[in-house]
Amino acid sequence: MATQNSSVARAEELKLQANEAFKAHKYAQAIDLYSQAIELNGETAVYWANRAFAHSKLEEYGSAIQDASKAIEIDPKYSKGYYRRGAAYLAMGKFKDALKDFQQVKRLCPNDPDASKKLKECEKAVMKLKFEEAIAVPESERHSIADSIDYHSIDVEPQYSGARIEGDVVTLDFVKRMIEDFRNQKCLHKRYAFQIVLQTREMLRALPSLVDINVPLGKHFTVCGDVHGQFYDLLNIFELNGLPSEENPYLFNGDFVDRGSFSVEVILTLFAFKCMSPSAIYLARGNHESKSMNKIYGFEGEVRSKLSETFVELFAEVFCCLPLAHVINEKIFVVHGGLFSVDGVKLSDIRSIDRFCEPPEEGLMCELLWSDPQPLPGRGPSKRGVGLSFGGDVTKKFLQENNLDLVVRSHEVKDEGYEIEHDGKLITVFSAPNYCDQMGNKGAFIRFEAPEMKPNIVTFSAVPHPDVKPMAYANNFLRMFS
């Protein structure tokens, strides 16, 4: 009995330490401490619900749902369990599942004004979703929005004082001027924004789903990870490593937008460099280059605010043209998320994926965008609730079968901006420092020099930005939980 009491007391101590770690934004540490508390006393619902919240902060929504469900199983009247699970469903865009949980919160806490408010917002979101589904045009009948836009016919008002494209050619001078305007929070005229996005679309459409990149002898190449709308940190990368050019080429490995509130500036800058010189910059699709993510995490609202509704549709269309992976010098495989739920996937299988669609919820395309590495061998369920986790043996086998040396991927915040795993065969690179203005992480990029192509990792800290909070344009409902 004494031992049991001491276990309960120690678990409570660990919970308090975990709470402090959580307050300090040390979410991984908090998860570890809550896990220790659960090992000592696994029948306390609050430990599971608190760990669920920490998982959500790390965008591990699949794990959050599992933990919250366990809290509910232990105590079916524990409102916070339903609340945490509902918030995780919401973050995954599963509005109908979220609604059921918030209805339960309201039943358990009928006089709680906060529960009422969140339920109302959730009901609104589900109604909007149903309405959008009802009026949606079937895929087969859908026309390209790009085909209906003639940017040449759009007049530029005489009082417009921003950057201008003379004729059809995007020049370095224009891109520099546009960047300066963006730095000073000025907008680009819609005519030029249309021109950049439409010209980029034409280039991306012509590419295969897996793009081969050749870095000549003595030349270098830079790979960047997620930028997530952090425009001022993107400019800092260019300060540290030079602007994209044929002599200084870059690959940005997906998740250009969402979360950060300067996503329009980021995407137009990257697209403008692509127009200026196609071989100066390569762009890969991330899981956030999709309608469902953009609807929730801010890009759609930002585009509507800074440009127009037409651009919302146009970006969605262009994101479907982004390639899914790159191979550098036949040795380095670069992808946003990770590897696959099955063995034997060849580069030719990736090259032949029909990518011109919203990402599916399973299969090769989904896994390329969503999967994460795990320390244990084999495969496991995804912490995110989409894709899977894959071990070092999976990485090793994929590299051997495709005569490759290294996997470079992004998709996960890392304290140092990068992490080397799987016996040095896999590197995660993440280029959004102090992610969401609260994670305190560094950013990183990787420089490779031919012929050795050894990864040279450069890390950097966040720089100041104007006082516009992350998620400023996001779905109101989701902002309540962030």
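**Figure 1. Glu-419 and its bridge partner Thr-428 in β12.** In this predicted model, β11 and β12 run antiparallel and are joined by four bridges. The hairpin that the two strands make has four residues between them, and His-422 there takes a positive phi near 50 degrees. His-422 is found in the loop between β11 and β12, and its phi is a positive value in a residue other than glycine. Most residues other than glycine have a negative phi.

**Figure 2. The open sheet of six strands.** The strand order is β1-β5-β6-β10-β12-β11, and the pairing is mixed. At the edges stand β1 (210–213) and β11 (418–421); each has a single partner strand, so one side of each is left without a neighbour in the sheet. With direction ignored, neighbouring strands of this sheet are turned by 20 degrees against each other on average. Helix α17 (residues 392–401) packs on the sheet and touches β6, β10 (406–409) and β12 (426–429). The direction of α17 makes about 120 degrees with that of β10.

**Figure 3. The pairing of β5 with β6.** Strand β5 covers residues 325–328 and strand β6 covers residues 332–335. Their pairing is antiparallel, over four bridges. Val-327 stands opposite Phe-333 in β6. The loop between β5 and β6 holds Asn-329. Phi of Asn-329 is near 50 degrees, which is a positive value in a residue other than glycine.

**Figure 4. The open sheet of three strands.** Here the order is β7-β9-β8, again with mixed pairing. β7 and β8 (379–381) are the edge strands, and each pairs on one side only. Between β7 and strand β9 (residues 388–390) the pairing is parallel, over two bridges. Asp-372 stands opposite Ser-389 in β9.

**Figure 5. The largest cavity.** Rolling a probe the size of a water molecule over the atoms shows where empty space is left. The count comes to three cavities of 30 Å³ or more. In the largest cavity lies about 100 Å³ of space. Its lining has 14 residues, and the closest to the cavity centre are Gln-230, Gly-260, Phe-262, Asp-437 and His-465. By class, the lining of the largest cavity divides into six nonpolar, five polar and three charged residues.

**Figure 6. The second largest cavity and helix α17.** The volume of the second largest cavity is about 70 Å³. Among the residues that line this cavity are Leu-339, Phe-340, Val-342, Asp-343, Gly-344, Val-345 and Arg-379. Val-394, Lys-397, Phe-398 and Glu-401 also belong to the lining of the second largest cavity. The largest share of the lining, four residues, comes from α17. Six residues of the lining of the second largest cavity are nonpolar, one is polar and four are charged.

**Figure 7. The second largest pocket.** This pocket has a volume of about 990 Å³. Of the 41 residues that line the second largest pocket, Ala-28, Leu-58, Glu-60, Lys-383 and Glu-412 are the closest to its centre. The elements that give two or more residues to the lining are α2 (27–40), α4, β7 (372–373) and β11. The lining of the second largest pocket divides into 13 nonpolar, 14 polar and 14 charged residues.

**Figure 8. The salt bridge of Glu-73 with Lys-70.** Side chains of opposite charge can pair when their charged atoms come close. The closest N and O atoms of Glu-73 and Lys-70 are 3.4 Å apart. Glu-73 and Lys-70 are three residues apart in helix α4 (residues 61–74) and are therefore separated by about one helical turn. A search of the whole structure finds 33 salt bridges.

**Figure 9. The cis peptide bond that joins Ala-450 and Pro-451.** Omega of this bond is about 10 degrees. Pro-451 lies in the loop between β13 (443–449) and β14 (456–460). Most peptide bonds are trans.

Technical notes: Residues are numbered from 1 along each chain as its sequence is written. This is a predicted model: local features need pLDDT of at least 70, side-chain atom pairs count only at pLDDT 80 or more; totals for chains, interfaces and linings use all residues. Side-chain values use heavy atoms; hydrogens and water are left out. Two strands pair if DSSP finds at least two bridges between them. Axes are lines fitted to C-alpha atoms, for helices over the stretch in contact, and angles run from 0 to 180 degrees between N-to-C directions. Contact means heavy atoms within 4.5 Å. On a 1 Å grid over the protein atoms alone, a cavity is a set of points where a 1.4 Å probe fits but cannot get out, and a pocket is an open set with protein on both sides within 12 Å along at least five of seven lines; lining residues have an atom within 4 Å of a point. Grid points are joined across faces, edges and corners, and a volume is the space filled by probe spheres set on the points. Ala, Val, Leu, Ile, Met, Phe, Trp, Tyr, Cys and Pro count as nonpolar, Asp, Glu, Lys and Arg as charged, and the others, Gly among them, as polar. A salt bridge is a side-chain nitrogen of Lys or Arg within 4 Å of a carboxyl oxygen of Asp or Glu.
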